[in-house]
Amino acid sequence: MEESIRTNSWFPSGICNSLESLDESPPGFKGWNLATTWGSFNAFEIVDLSIALIEGKSWGEVPETLEIINQDGCSFELESKGEFWRVEHLPFTDGLPDREFLRELSEAPCGGIRFKGQDLLLFWKGKKSGLPLNEALAENPEEVAAALGDFLGECATAAMQKVSLNNDERVWNDRLKEMEDRLSTNTLWRAPHSPDTRGTATFRHLRPEHITISDGKLNFSGVWGDLESQILGMSPRRPAIADLGAAFALIHEYCPKENRDQALRSAGLAWSKKAPKRLSSRRALDAHLGGLHIWVYEAMLNRLCISRALGEEDPSFISHHLQQVGTIQAGMFQARSWSALALMSFSAAALVPTAWIWGYVSASQILLAPVFLFVGLWFREVYRSKAPSCW
């Protein structure tokens, strides 16, 4: 019995230590408890799609009969009474509570099969339009990257209208440490996040198979349950720019190397035009305060986590990116001398009037205060200019 689940493309063979069947499973499924290196969780293996459809607890519109045309991992293509249907199997929890307003921007499913409040199957009518994201990025990288950034900028605006919380840098930094320790990456990155980096509802992770491009327009069928939802353990409130970091990781993975830099820039500029101005401000994007760079770093760790969970080799683009982390941080560390000079100048500008009040400096010397202030502002601008480029 265990051999059947191990042959599934979604099975975390790289971290699973043991399996135990669950006492209760929905019709058409076999339930398992997976004990893994990174925790224990349940998974539901599809055994018979027809039985799941006929006997399962459905909601919305689902096909009455089915004939499987094609299967690719967790995705099925069906025909029912002359109509084409798409089905997504969710072995793990869907992991998307409180995201209805983001789903409004995507192609929402018309129905599903649910067990104890958890969606196990989702149904869509009709074929997907356009090219899958990975193929589209290879063919037209800049236009596709811009469409991706544009869409995520719209999502950021929608999310911030519903939920906008102060930054929670302790939680975000603690998660980075957990991922670094789990993956033994020999990297370290923490950030004193800008006040403009605010928490909101995000997609948490992006899957290229759920994104297509048609006539320059992005079609998004949502981020539904998979291994990511189970093992990445992300906070429900994350910065909207974290989704852009996930998009950058996809561009690194699928965009031709010679077009990658321009594609990244196109995605970033498109996002900044559609996202709320506060989220794309100079301070919010300042790499010294995390900016976008730390979220690209996090997205790379997330992608590496999934790769190792599935028992795959580490992707070369991630290894290359993580090798650059030390260089980026060294440059920012060297730039701190300019920040220190700015702080000293500001302190001097504040002390001169105090010294004049106490009689330590003359009335003519008080003119040094605006000079120190101007010099401090100049030093601060130099410090900011030393930060890595946003895109």
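Which aromatic cluster do Trp10, Phe41 and other residues form? Trp10, Phe41 and Phe92 make up one aromatic cluster. The views below come from a predicted model, in which local features need pLDDT of at least 70, side-chain atom pairs count only at pLDDT 80 or more, and totals for chains, interfaces and linings use all residues. Residues are numbered from 1 along each chain as its sequence is written, and side-chain values use heavy atoms, with hydrogens and water left out.

**View A. Aromatic pairs, with Phe151 and Phe220 as one example.** Rings of Phe, Tyr and Trp (its six-membered ring) are paired here if their centres lie within 6.5 Å; planes under 30 degrees apart count as stacked, over 60 as edge-to-face and the rest as tilted. By this rule the count comes to 11 aromatic pairs. Among them, Phe151 and Phe220 form a tilted pair, with 5.0 Å centre to centre and 40° between the planes. This pair links distant parts of the chain: Phe151 belongs to helix α5 and Phe220 to strand β13, 69 residues apart. Helices (H or I, at least four residues) and strands (E, at least two) are DSSP runs, numbered from the N terminus. Both Phe151 and Phe220 are buried, where buried means under 20% relative accessible area, exposed over 50%, and partly exposed in between (1.4 Å probe, protein chains only).

**View B. The aromatic pair of Trp378 and Phe379.** This pair is tilted too, at 5.4 Å centre to centre and 55° between the planes. Trp378 counts as partly exposed because its relative accessibility is 48%, whereas Phe379 is buried at 14%.

**View C. An open sheet of three strands, in the order β10-β12-β13.** The pairing in this sheet is antiparallel; two strands pair if DSSP finds at least two bridges between them. At the edges are β10 (131–132) and β13 (217–220), each pairing on one side only. Two bridges join β10 to β12, and Pro132 stands opposite Thr212 in β12. Helix α5 (residues 141–162) lies across β12 and β13, running at about 55° to β13. For such angles, axes are lines fitted to C-alpha atoms, for helices over the stretch in contact, and angles run from 0 to 180 degrees between N-to-C directions.

View D. Glu180 counts as buried because its relative accessible area is 5%. Its side chain joins that of Arg190 through a polar contact of 2.8 Å. A polar contact is a pair of N or O atoms within 3.5 Å; within protein, one must be able to donate a hydrogen and the other to accept it, and residues adjacent in sequence count only if both atoms are side-chain atoms. Not counting residues up to four places away in sequence, Glu180 touches Thr185, Thr187, Leu188, Trp189, Arg190, Tyr297 and Leu301, where contact means heavy atoms within 4.5 Å.

View E. With a relative accessible area of 65%, Lys116 is exposed. At 15% relative accessibility, Arg204 is buried.
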